[in-house]
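Have the structure open and follow along.

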Amino acid sequence: MLSKELRYIIGSEGPVKTVSLRELANLAYGHDSEEAAVINACGGMDPMYHLEHLTLLKAVIWHRGSPSQDPEKAPPKAQPRPSKGIDNLSYQAEKVYALMGFFEHRIMPFPSESELQALARLSMTNDGYRMAERMLSMLPNKIPSKHSWYADDDQFKAQFWDIEPEVQVAGVTDGGALVLDGCRAASIRWKDFPEVCVRTTESGFRQLVAKIAVFGIPGFYAFAVQWIPWLFSKFSASSGQVSVSTSESCQGDNCQVDVSISPAAEILAIVLFGWATVLLILGPFMIAYSISGRILSTEPYLIGVKGAMKLDEASHYLYRAWLSRPRLMYTTSGSVLAQHAGREGDIREGKKTQYDAVRELENQDELYTLIDTSTGTLYYFTAKRPPTVCLFTGREGGLGRFVLCSENCTANELHKETVLRMPTQIHRFMRSCGWLAIGGVEE
């Protein structure tokens with residue numbers, strides 16, 4: 001099959017004829033473009049990469065093997081064929097064993113092995129192509145409930161060869177789950193909004209405002225209470241005027257002292273106390289203004305919210321600053337629900353009407369919001385179950401592929417719920433972990 005032409009003879013005395021692989025494809029498959037492209041690639045007539053060849057071969061074999069493409073359904077068992085010493089032999093993963101003929105390294109067939117288990121073993125044996133790792137980073141239209149790592153398509157319109165994996169398959173469990181090595185993971189916080197520490201740009205005027213709000217208010221009050229009588233006493237002694245006068249009257253054992261303050265002292269006291277009161281009222285706004293600079297770095301958190309949350313509301317819960325500029329923005333292309341702002345501004349950002357669009361979705365019970373504080377981005381996504389773990393699994397299109405997973409505590413496995421395209425630098429804040437399994441949901 002890897003040569004450019006074939007030779008055949010009909011009968012024992014017939015002439016030997018030559019047929020090219022293109023002619024063979026036309027004879028065998030008719031006008032099927034996928035099958036013809038495979039033959040052209042193997043014949044050296046179409047320069048495609050090996051991974052693209054194998055992906056196309058897989059699609060052809062799966063397409064001609066059975067009409068169903070649902071990996072949840074077991075493939076139809078082959079008809080029993082008697083052989084030497086073995087009776088009633090059939091294989092559930094016949095399509096995978098047919099595909100492995102085009103790989104450099106092959107696996108030993110097992111009759112009881114499922115199709116996806118065989119595909120995972122074939123990917124491990126030929127780890128140069130890393131097909132299973134690429135499938136893990138893809139978001140299919142329907143995620144299988146048992147083998148959630150499997151994918152035939154991608155909602156982001158990416159192909160196998162577009163994804164650069166960042167993890168490696170270390171094994172396959174008895175249930176068909178992938179055991180991954182080299183993962184970086186982070187937990188998703190669901191219980192509340194934390195107090196996020198930020199570092200903003202430095203400004204001398206904003207620092208002065210903050211110092212006035214913190215030290216000026218108590219300073220003015222202390223000055224007005226303690227030092228006003230002393231200053232007026234010094235002023236009166238030097239000018240010969242009396243600002244504070246006292247009178248004493250006694251009747252028996254009871255004495256009464258009357259203190260009177262001059263109008264100038266009263267005016268100064270009123271001004272100082274009034275200015276301190278104004279600063280006390282404006283104090284929270286002054287503190288908010290002092291931290292309203294451009295954010296340089298933020299304490300990293302992944303925060304999950306059930307349902308859809310507005311951008312301004314999420315920003316308020318996180319930073320609690322009414323006068324500060326917007327801290328969050330909608331994602332541009334990180335989710336299948338994301339919308340690009342187009343020509344609304346020079347900055348690449350998501351469309352501000354995303355909240356109104358997701359509120360019109362039919363199934364609101366499967367709608368969630370994810371807030372990434374490190375980049376200040378808000379994502380909307382849908383999932384069957386709320387994800388609790390975020391895994392960094394690959395790169396594609398200038399962004400990282402992050403798999404959001406729920407936990408199956410009974411089997412000690414994770415289940416892929418959705419995939420987001422997030423800035424790659426987020427993985428620096430994630431923790432490197434040991435082996436973990438991506439499998440099915442808890443039954």
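## A buried pair, R401 and D154

R401 is buried, and D154 is buried too. This is a predicted model, so keep in mind that every value here is computed from it. The two residues form a salt bridge, with their closest N and O atoms 3.1 Å apart.

How buried is R401? Its relative accessible area is 0%, and because buried means under 20%, R401 counts as buried.

## R401 has other partners

R401 also meets E396 in a salt bridge, this time at 2.9 Å from N to O. E396 has a relative accessible area of 12%, so it is buried as well. Which residues make up the network of salt bridges around here? They are D154, E396, R401 and R421.

There's one more neighbor to look for. A polar atom of the R401 side chain lies 2.9 Å from the backbone oxygen of S137.

A search of the whole structure turns up ten salt bridges. One of them joins the side chains of E115 and K95, with 3.6 Å from N to O. E115 is in helix 5 (residues 115–125) and K95 is in helix 4 (residues 94–99), so this pair ties together parts that are 20 residues apart in sequence. Are these two buried or exposed? Both E115 and K95 are buried.

## Helix 5, tucked inside

Why can we call helix 5 largely enclosed by the rest of the structure? Because eight of its eleven residues are buried.

Next, follow helix 5 toward helix 6 and stop at R130, which is in the loop between them. R130 has a positive phi of about 55 degrees, although it is not a glycine.

Now for some empty space. Rolling a probe the size of a water molecule over the atoms shows where empty space is left. The structure holds one cavity of 30 Å³ or more, and the largest cavity has a volume of about 30 Å³. Which residues line it? The lining consists of F103, L119, L122, S123, M131 and A132.

Helix 5 and helix 6 are the elements that give two or more residues to that lining. The largest share, three residues, comes from helix 5. As for the kinds of residue, the lining of the largest cavity has five nonpolar residues, one polar residue and no charged ones.

## Back to strand 18

Let's return to strand 18, where R401 has its place. L404 lies in this strand too. With 0% relative accessibility, L404 counts as buried. What does L404 touch, leaving aside residues up to four places away in sequence? The list is I188, L370, F381, P387, V389, C390, H415, K416, E417, T418 and L420. Take T418 from that list: L404 and T418 are 14 residues apart in sequence, yet 5.5 Å apart in space, from C-alpha to C-alpha.

Between strand 18 and strand 19 (413–422) there is a loop, and N412 is found in it. N412 has a positive phi of about 55 degrees although it is not a glycine. Is N412 buried or exposed? Its relative accessibility is 66%, so N412 counts as exposed.

## Zooming out

Finally, step back and look at the whole protein. Its secondary structure comes to eleven helices and 21 strands. Buried residues make up 41% of the 443 residues.

How do the contacts reach along the chain? Take the contacts between residues at least 6 apart in sequence: 60% of them join residues at least 24 apart.

Technical notes
Residues numbered from 1 in each chain as written. Predicted model: local features only at pLDDT ≥ 70, side-chain atom pairs only at ≥ 80, totals over all residues. Heavy atoms only, no water. Salt bridge = Lys/Arg side-chain N within 4 Å of Asp/Glu carboxyl O. Helix = DSSP H or I, 4+ residues; strand = E, 2+ residues; numbered from the N terminus. Buried < 20%, exposed > 50% of the residue type's maximum accessible area, 1.4 Å probe, protein only. Polar contact = N/O pair within 3.5 Å; in protein donor to acceptor, adjacent residues only side chain to side chain. 1 Å grid on protein atoms, 1.4 Å probe; cavity = no way out; pocket = protein on both sides within 12 Å on 5 of 7 lines; lining within 4 Å. Points joined across faces, edges and corners; volume = space filled by probe spheres on them. Nonpolar A, V, L, I, M, F, W, Y, C, P; charged D, E, K, R; others polar. Contact = heavy atoms within 4.5 Å.
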